Amino acid sequence: MSVRTRVAPSPTGTPHLGTAYIALFNKAYAEQQGGDFILRIEDSDTVRSSKQSEVDILDALKWLDLDWDEGPDIGGSRGPYRVSERLTHYEAHANELIQAGGAFTCFCSQERLDELRREQQRQGETPKYDGHCLALSESEVQRRIDEGESHVVRLRVPDSGDCTFTDRIRGEITIPWQQVDMQVLVKSDGFPTYHLCATVDDHLMGITHILRGEEWISSCPKHVLIYDYFGWQFQELFHLPLLRNKDQSKMSKRKNPTGINYYRDRGYLPEALLNYLATMGWSMPDESEQFSYAQLTEKLDLTRISPRGPVFDVEKLDWLNGCYIRDLPDEELRTRFSSWAGNSANLEKIVSMLKERTERFDQVLTQVDYLIGERKPIDKEDLMQPPLSEEDVVKILDFAARTLECITTWRSDEIGVALRHTAEICDYKVRDFVAPLFVALSGRKVALPLFDSIEVLGLELTRARLRSAIDILGGISNKKLKRLDKEWTTLTQS
């Protein structure tokens with residue numbers, strides 16, 4: 001049996017370190033076994049998915065040299081490799097499941113489902129679907145569909161008993177069926193959810209080994225059930241431990257930069273970043289910390305992966321990246337540094353900003369230092385801008401980050417429109433709203449044009465500096481975060 005592994009990112013945002021982490025082990029294992037590594041694009045979320053996000057994901061993985069044997073850009077014998085291009089497969093399999101009694105049509109409104117959830121929470125029960133539409137006759141289902149009534153397809157789950165499956169890292173796992181929800185498999189817009197498209201595609205594409213994050217363990221009973229209904233043989237499962245912050249919380253953009261592009265733009269070497277990701281939950285037999293991808297593929301033993309959540313320590317990554325830099329011959333180091341510092345797209349934008357503000361070349365570096373290097377150290381007093389209170393500044397920094405995350409076209413004019421709108425709906429004067437942003441991003445109260453600077457810095461680095469400034473002000477407690485979430489929702493939906 002030829003080994004076939006896959007990674008299936010969703011094109012709904014910036015390329016995430018977790019995608020690279022999962023892709024690394026899938027590719028290394030397939031290569032070690034003489035098999036194939038497949039890239040699929042999970043664009044089932046029609047609202048949030050974007051072509052640009054897909055392009056960014058592919059570019060980021062290629063920068064890390066995590067290329068694939070089959071995928072949406074190069075094709076392959078089991079394609080197409082985008083969910084949106086495989087809808088007929090899912091429709092046919094959903095209908096087959098319904099006919100076999102493994103799935104059913106559900107007409108419940110969102111209002112009913114919301115009320116059901118609230119009542120279950122009041123009763124201290126685990127929120128899940130109550131089987132309301134299970135008893136509908138075939139004729140009634142067809143009549144309501146013919147009348148155009150909105151509906152979804154749900155998975156039928158046993159009322160009692162347990163689901164037992166084997167994870168090659170954690171051993172045998174048992175989950176009672178009563179803890180498993182009757183998952184939506186096909187949404188009202190006709191698009192599949194992950195649970196249907198992943199299981200169908202894994203089978204049709206001949207995937208033999210599934211290496212994915214541990215957050216999918218609780219979903220395994222649904223996938224096992226789908227495979228059982230179809231009579232398919234389940235794959236070998238390996239749930240890799242999640243990357244974690246130093247406080248053991250799941251690594252997230254609120255506490256750590258999580259985007260691959262952030263580390264590329266900061267000047268990390270791709271081979272150093274790959275090396276560090278390989279040490280997340282796994283180690284070389286001789287415990288060496290610096291090793292090449294070739295050494296990883298030679299020594300990789302998936303049974304030696306630890307289930308304990310590895311801490312992503314940026315200081316440790318800095319140390320390892322420094323080791324790689326010092327190992328480079330001088331000529332290659334010059335070439336790599338020039339390539340990084342002279343990023344043509346950003347250089348063009350910087351030159352345009354400087355042209356009207358520079359009289360001598362020796363003035364250039366003092367103006368652009370924060371665009372091509374670290375921001376100057378700042379403290380709480382630097383961020384406090386009259387007439388704003390500390391609470392105002394924290395809210396402005398947080399809402400600015402949220403605003404930028406929603407921008408689909410990363411240009412200074414779009415950035416300016418979005419931030420001005422946020423200032424307006426929050427009832428701040430624009431000059432007051434942008435004042436702490438200047439400091440947070442540049443380390444100074446006066447700098448090159450803010451919106452142009454944000455375009456050059458990019459979303460990942462901009463977000464990291466805004467979050468760093470929030471931390472300087474004491475951070476955001478869970479209670480305060482809930483309050484900000486509620487206010488943001490109210491402002492943006494009104």
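Where is the place of Pro387? Pro387 is in the loop between α15 (380–383) and α16 (390–405), where helices (H or I, at least four residues) are DSSP runs numbered from the N terminus. The structure is a predicted model in which local features need pLDDT of at least 70 and side-chain atom pairs count only at pLDDT 80 or more, while totals for chains, interfaces and linings use all residues. Residues are numbered from 1 along each chain as its sequence is written, and side-chain values use heavy atoms, with hydrogens and water left out.

**Backbone features in loops**

The peptide bond from Pro386 to Pro387 is cis, with omega near 10 degrees. A cis peptide bond also joins Gly79 and Pro80, with omega of about 0 degrees; Pro80 is found in the loop between α2 (51–63) and α3 (87–100). The loop between α2 and α3 also holds Asp65, a residue other than glycine whose phi is positive, near 65 degrees. Asp65 is exposed, with a relative accessible area of 58%; exposed means over 50% relative accessible area, buried under 20% and partly exposed in between (1.4 Å probe, protein chains only). Glu287, not a glycine, has a positive phi of about 65 degrees and is found in the loop between α9 (270–278) and α10 (293–299).

**Helix packing**

The table describes two helix pairs. Axes are lines fitted to C-alpha atoms, for helices over the stretch in contact, and angles run from 0 to 180 degrees between N-to-C directions.

| Helix pair | Angle | Axis distance |
|---|---|---|
| α6 (residues 194–204) and α7 (residues 220–230) | about 50 degrees | 10 Å apart |
| α17 (residues 412–425) and α19 (residues 450–472) | roughly 120 degrees | within 8 Å |

Helices α6 and α7 pack at an angle of about 50 degrees. That makes α6 oblique to α7, since angles under 35 degrees count as roughly parallel, over 145 as roughly antiparallel, 65 to 115 as roughly perpendicular and the rest as oblique. The crossing of α6 past α7 is right-handed, meaning that the near helix is turned clockwise from the far one by less than a right angle. Residues Tyr194, His195, Thr199, Asp202 and His203 of α6 make the contact with Lys222, His223, Ile226 and Tyr227 of α7, contact being heavy atoms within 4.5 Å. By class, the contact of α6 with α7 has 3 nonpolar, 4 polar and 2 charged residues. Ala, Val, Leu, Ile, Met, Phe, Trp, Tyr, Cys and Pro count as nonpolar, Asp, Glu, Lys and Arg as charged, and the others, Gly among them, as polar.

Helix α17 passes α19 in a right-handed crossing. Here Ser412, Ile415, Gly416, Leu419 and Arg420 in α17 meet Phe451, Asp452, Ile454 and Glu455 in α19. This contact of α17 with α19 has 4 nonpolar, 2 polar and 3 charged residues.

Val430 lies in helix α18 (residues 430–442) and is partly exposed, with a relative accessible area of 35%. Leaving aside neighbours within four places in sequence, Val430 is in contact with Arg420 and Ala423. The C-alpha atoms of Val430 and Arg420, 10 residues apart along the chain, are separated by 6.2 Å.

**Aromatic residues**

Rings of Phe, Tyr and Trp (its six-membered ring) pair if their centres lie within 6.5 Å; planes under 30 degrees apart count as stacked, over 60 as edge-to-face and the rest as tilted. The count comes to 14 aromatic pairs. One of these, Tyr262 with Tyr263, is edge-to-face, at 4.9 Å centre to centre and 85 degrees between the planes. Tyr262 is buried at 9% relative accessible area, and Tyr263 is buried at 0%. Tyr262, Tyr263, Tyr268, Tyr276 and Phe312 form one aromatic cluster.

Note on methods. Helices (H or I, at least four residues) and strands (E, at least two) are DSSP runs, numbered from the N terminus.
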